[in-house]
Amino acid sequence: MRKRLSDVHLSNENLEALRLVTGLLVTFLALVMSLQLTSVKTSFDNAYHDRGLDAAQLAYLDQCLRNYGPETAQARSQLHSYTAGVIASTWPDEPPPTGVDYPDPKSMNMVGENPILAGLLNQVGLEIAKLAPVDALHQNLAASCREAYENAQSRRWTVIEDAHNSVSPLFSQILTFWLMLVFLSFGLQAPRKWLAVIVMGIGVTAVASAMFVIADLDLPYGGLFGIPSTAMRDALADMLR
């Protein structure tokens, strides 16, 4: 474009005005991108933390059922199947859980609500509701298990909501368009020298990497920075010991 423009358009006055507008746009973009990166990082950290709490709550529920006695064997088996199903469906690229039966993960979504897993956890709640304690100890244990089950259901929905994208695709497209305008302006101002080309390339790479981090962190269960399955696998191992 610079080769096609006449010297009138590339006068010092025009270039100075272009620098002022570009500086304003760069400042605005830097503020927006920093706020966006902070937002998605906070959302990712919350999703990571909530997944760990979800795993801990499931392990605690299993321990409570174990303490109650053999009457809860069916509920524990269903809880194990639920936990293994969550692992297999959420992290399909990792080795599947072993030592426990669970539904086919191919019929389940990677994120979001899943009727099959919801049915398994609901059956756990029904089995807990059937408990008929005969003494004070088992009455206390039954109450603790019911409370633990309710907390597990609450944590489950928190994890489901955490998996939703927080960045609007339209917003990302607008931000990309603004960045294109900025680098178009830089290209018009920069001299046609190899050093200027290299510096421009470094700048494009740096900004593109920041956009990549924002997009990747917005997918807590996918991409380069995805939440690992360690917490859920540790919980399942504790259940099966």
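Predicted model: local features only at pLDDT ≥ 70, side-chain atom pairs only at ≥ 80, totals over all residues.
Begin by selecting helix α2, residues 73-90, together with helix α7, residues 230-240, whose axes come within 10 Å and cross at roughly 155 degrees. Because angles over 145 degrees count as roughly antiparallel, α2 is roughly antiparallel to α7, and the crossing in which α2 passes α7 is left-handed. To see the contact itself, show the side chains of Arg76, Leu79, His80, Thr83, Ala84, Val86 and Ile87 on α2, and then those of Met232, Arg233, Leu236, Met239 and Leu240 on α7.

Next, select Trp91, in the loop between α2 and α3, and Tyr221, in the loop between α6 and α7, a pair that links parts of the chain 130 residues apart. Their ring centres are 5.9 Å apart and their planes stand at 70 degrees, so the pair is edge-to-face. Trp91 and Tyr221 are both buried.

Finally, move to helix α5, residues 169-189, and select Phe183 and Phe186, which are separated by about one helical turn because they are three residues apart in that helix. These two rings also form an edge-to-face pair, with 5.6 Å from centre to centre and 85 degrees between the planes. Are the two residues buried or exposed? Phe183 counts as buried, at 19% relative accessibility, whereas Phe186, with a relative accessible area of 29%, is partly exposed.

Conventions:
Residues numbered from 1 in each chain as written. Heavy atoms only, no water. Axes fitted to C-alpha atoms, helices over the stretch in contact; angles between N-to-C directions. Helix = DSSP H or I, 4+ residues; strand = E, 2+ residues; numbered from the N terminus. Parallel < 35°, antiparallel > 145°, perpendicular 65-115°, else oblique. Left-handed = near helix turned anticlockwise from the far one by under 90°. Contact = heavy atoms within 4.5 Å. Phe/Tyr/Trp six-rings, centres within 6.5 Å; stacked < 30°, edge-to-face > 60°. Buried < 20%, exposed > 50% of the residue type's maximum accessible area, 1.4 Å probe, protein only.
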